[in-house]
Amino acid sequence: MMKGTTIYRYDTDHDVMYVRLENYTSAESGHYVDDEISPDINEVRDVRNEDLVGFVILDYRRNKPELVKRYPEYFF
């Protein structure tokens, strides 16, 4: 799998943050599933091997403190 950089995309109209981690490749995008880990916070995992490949966070501004505590390596 190709390595790249972590990509953060923020939807200001809906207060949603989309994060693709460095181990994500767009060519494999059909193999992922969202797992809700808490209300409004979803981990995106590769269904084939359970690798964490990203996040979808609803109400990002409200949930950012929880993300910083839970995932300090991705959110600061």
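**Exercise 1.** Is Glu50 buried, partly exposed or exposed?

*Solution.* The model is predicted: local features need pLDDT of at least 70, side-chain atom pairs count only at pLDDT 80 or more, and totals for chains, interfaces and linings use all residues. Residues are numbered from 1 along each chain as its sequence is written, and side-chain values use heavy atoms, with hydrogens and water left out.

Step 1. Buried means under 20% relative accessible area, exposed over 50%, and partly exposed in between (1.4 Å probe, protein chains only).
Step 2. The relative accessible area of Glu50 is 47%, so Glu50 is partly exposed.
Step 3. Glu50 belongs to the loop between strand 4 and strand 5; helices (H or I, at least four residues) and strands (E, at least two) are DSSP runs, numbered from the N terminus.
Step 4. The phi of Glu50 is positive, near 65°, in a residue other than glycine. Most residues other than glycine have a negative phi.

**Exercise 2.** Determine the strand order of the open sheet and its edge strands.

*Solution.* Step 1. Two strands pair if DSSP finds at least two bridges between them.
Step 1. Five strands make up the open sheet, in the order 1-2-5-4-3 and with antiparallel pairing.
Step 2. Strand 1 (7-11) and strand 3 (32-38) each pair on one side only and are the edge strands.
Step 3. On average, neighbouring strands of this sheet are turned by 20° against each other, direction ignored; axes are lines fitted to C-alpha atoms, for helices over the stretch in contact, and angles run from 0 to 180 degrees between N-to-C directions.

**Exercise 3.** How many bridges join strand 1 to strand 2, and which residue stands opposite Asp11?

*Solution.* Step 1. Strand 1 and strand 2 run antiparallel and are joined by five bridges.
Step 1. Opposite Asp11 stands Val16 of strand 2.
Step 2. The hairpin of these strands has four residues between them, and Asp15 there takes a positive phi near 55°.
Step 3. Strand 2 (residues 16-20) also pairs with strand 5 (residues 52-57), in the antiparallel sense over four bridges. Here Met17 has Ile57 as its bridge partner.

**Exercise 4.** Describe the hairpin of strand 3 and strand 4 and its turn residue Asp40.

*Solution.* Step 1. Strand 3 and strand 4 (residues 41-46) run antiparallel, joined by six bridges. Glu36 stands opposite Asn42 in strand 4.
Step 1. Two residues lie between the strands, and Asp40 in the turn has a positive phi of about 75°, although Asp40 is not a glycine.
Step 2. With a relative accessible area of 18%, Asp40 is buried.
Step 3. Asp40 is also among the contacts of Asn63, a residue of helix 1 (residues 60-70). Leaving aside neighbours within four places in sequence, Asn63 is in contact (heavy atoms within 4.5 Å) with Pro39, Asp40, Ile41, Ile57 and Leu58. Asn63 counts as buried because its relative accessibility is 7%.
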